[in-house]
Amino acid sequence: MSIAERSTQTIWEGPLATGTGTFSEGSSGALDGQTVTWAARTEQPGGKTSPEELAAAAHSSCFAMALALKLGENKTPPQRLDVAATVTLDEVSGVPTITTSKLRVRAQVAGLDADTFSAVVDEAAALCPVSRLFAGAQISVDAQLA
């Protein structure tokens with residue numbers, strides 16, 4: 001039995017270069033009505049989103065949760081975690097490919113030294129389900145205590 005399932009539907013209308021996709025019937029409704037276009041993906045977003053932005057949101061939030069869990073298990077719960085993800089779409093062998101997800105973590109954690117923090121970050125990286133989903137991509141984590 002799974003822990004959770006979430007779904008979203010995209011309705012795409014028109015050719016790739018000028019068409020538009022609209023999310024609907026999402027499990028939470030949070031993405032309903034949000035649009036995605038090729039131009040938003042490869043040029044300027046213009047108020048629209050992209051698969052890469054959604055992947056970055058998924059990765060940063062997942063990693064923040066995994067790190068909060070591992071810090072708590074270490075008896076050093078965070079006061080604040082600032083986790084940013086940058087997901088890169090590159091051309092690989094002539095095919096658009098998500099190649100990297102770079103995480104930048106800034107953490108406020110009382111009573112934690114840098115070496116222990118680094119070890120806990122590694123545990124979080126191994127735990128985060130989105131990191132494991134991206135296992136074929138190059139994932140880097142730049143983590144620092146504030």
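Me: Why is Glu 73 called partly exposed?
Reply: Glu 73 has a relative accessible area of 48%. Buried means under 20%, exposed means over 50%, and partly exposed is what lies in between, using a 1.4 Å probe and protein chains only. Since 48% falls between those limits, Glu 73 is partly exposed. Keep in mind that this is a predicted model, where local features need pLDDT of at least 70, side-chain atom pairs count only at pLDDT 80 or more, and totals for chains, interfaces and linings use all residues. Residues are numbered from 1 along each chain as its sequence is written, and side-chain values use heavy atoms, with hydrogens and water left out.

Me: What makes Lys 70 and Glu 73 a salt bridge?
Reply: A salt bridge is a side-chain nitrogen of Lys or Arg within 4 Å of a carboxyl oxygen of Asp or Glu. The closest N and O atoms of Lys 70 and Glu 73 are 3.1 Å apart, so the pair qualifies. Both residues sit in helix α2, three residues apart, which means about one helical turn separates them. Helices here are DSSP runs of H or I with at least four residues, and strands are runs of E with at least two, numbered from the N terminus. Lys 70 counts as buried, with 18% relative accessibility.

Me: How many salt bridges are there by this rule?
Reply: The count is four. Another one of them joins Arg 104 and Asp 82, with closest N and O atoms 3.5 Å apart. Arg 104 belongs to strand β5 and Asp 82 to strand β4, so this pair ties together parts that are 22 residues apart in sequence. Arg 106 and Asp 142 also meet in a salt bridge, at 3.1 Å from N to O. Here strand β5 holds Arg 106 and strand β6 holds Asp 142, so the parts tied together are 36 residues apart in sequence.

Me: Which strands make up the open sheet, and in what order?
Reply: The order is β4-β5-β6, with mixed pairing. The edge strands are β4 (80–92) and β6 (138–145), as each pairs on one side only. From one strand to the next, the twist averages 15°.

Me: How do you know that β5 pairs with β6?
Reply: Two strands pair if DSSP finds at least two bridges between them. Eight bridges join β5 (residues 95–108) to β6, so the pair passes; the two run parallel. In one of these places, Val 105 has Ala 143 of β6 as its bridge partner.

Note on methods:
Axes are lines fitted to C-alpha atoms, for helices over the stretch in contact, and angles run from 0 to 180 degrees between N-to-C directions.
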